[in-house]
Amino acid sequence: VGTCLSEQMIKNKTCTDFIKANCNSITFENRLKPDYLFDQTESKKSGELVVKLDSVTTSLLDWCKENDMKVRGHVLIWHSQTPNWIFYNNFDKSAGLASREVMLARMESYIKQVFEKLEESGYLDLFYAYDIVNIHTDTDIINIYRFGAGKSRQITPNRFGEMPETSVQGVTMNLDDLCGRDVWHDYSAVDTTKTPVVFYYDEKR
């Protein structure tokens, strides 16, 4: 039985007592989303994306470890809660958007770094599954992937040039060995506009 967890929740004894009594699986509300994993300063210094686990994230992981909670990682790739600066040459918005090839290389490095950091820090064994791609069957998002659009939150699909499940597949092939299962995360998959897309990409896996 699972629930979400945030830095505010672990400070609330009523909340943590309820979780410990009723749950054995945790999904962080935000702290494993891309917005919280990149170190912009170090990335600019090195010229490569740098992943970090900050003190808030490790405090949540420590709480899970201390309370025998398993963790579902959420999420590696998403069109939202991903910082725009990662899509630019030299991580500089004045330098123009990076090419698709550069972004695919950055994505591969990022995903590998996440799991390396978790392993090096002694947290990887907590994870029984990891959401690889989040909510990419929305009709509006599908149209963005296919036809492009101009809003800043829509840079992600435009930069990869294809649905990220296809791009990320080669990078995540071995995640089953690392954390149990790699998962495509979505909602309302029974919606008639989504179901064909779900089946299509499931067959391609």
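**A buried ring and its surroundings**

Author: Trp85 is buried, with a relative accessible area of 9%; buried means under 20% relative accessible area, exposed over 50% and partly exposed in between, with a 1.4 Å probe and protein chains only. This is a predicted model, in which local features need pLDDT of at least 70 and side-chain atom pairs count only at pLDDT 80 or more, while totals for chains, interfaces and linings use all residues. Residues are numbered from 1 along each chain as its sequence is written, and side-chain values use heavy atoms, with hydrogens and water left out.

Reader: How many aromatic pairs are there in the structure?

Author: The structure holds five aromatic pairs, where rings of Phe, Tyr and Trp (its six-membered ring) pair if their centres lie within 6.5 Å, and planes under 30 degrees apart count as stacked, over 60 as edge-to-face and the rest as tilted. For Phe38 and Trp85, the ring centres are 6.2 Å apart and the planes stand at 75 degrees, so the pair is edge-to-face.

Reader: And where do Phe38 and Trp85 sit in the chain?

Author: Phe38 lies in the loop between β2 and α2 (40-46), and Trp85 in the loop between β3 and α4, so that the pair links distant parts of the chain, 47 residues apart. Helices (H or I, at least four residues) and strands (E, at least two) are DSSP runs, numbered from the N terminus. Phe38 is itself buried, with a relative accessible area of 7%.

Reader: Why does the pair of Phe127 and Tyr130 count as stacked?

Author: Their ring centres are 5.6 Å apart and their planes at 20 degrees, so the pair is stacked; both Phe127 and Tyr130 are buried.

Reader: Which residues do ring pairs link into a cluster?

Author: The cluster consists of Phe38, Trp85, Phe91 and Tyr110. Leaving aside neighbours within four places in sequence, Tyr110 is in contact (heavy atoms within 4.5 Å) with residues including Pro34, Phe38, Val75 and Leu76.

Reader: Switching topic, which residues of the largest nonpolar core touch the most other members?

Author: They are Leu5, Cys64, Leu76, Tyr110, Val114 and Leu118, out of 40 residues in that core, a nonpolar core being a set of buried Ala, Val, Leu, Ile, Met, Phe, Trp, Tyr and Cys residues joined through side-chain atoms within 4.5 Å. The helix α4 gives the most to this core, with seven residues.

Reader: What about the overall make-up, how many helices and strands?

Author: The protein chain has nine helices and five strands, and 45% of its 205 residues count as buried.
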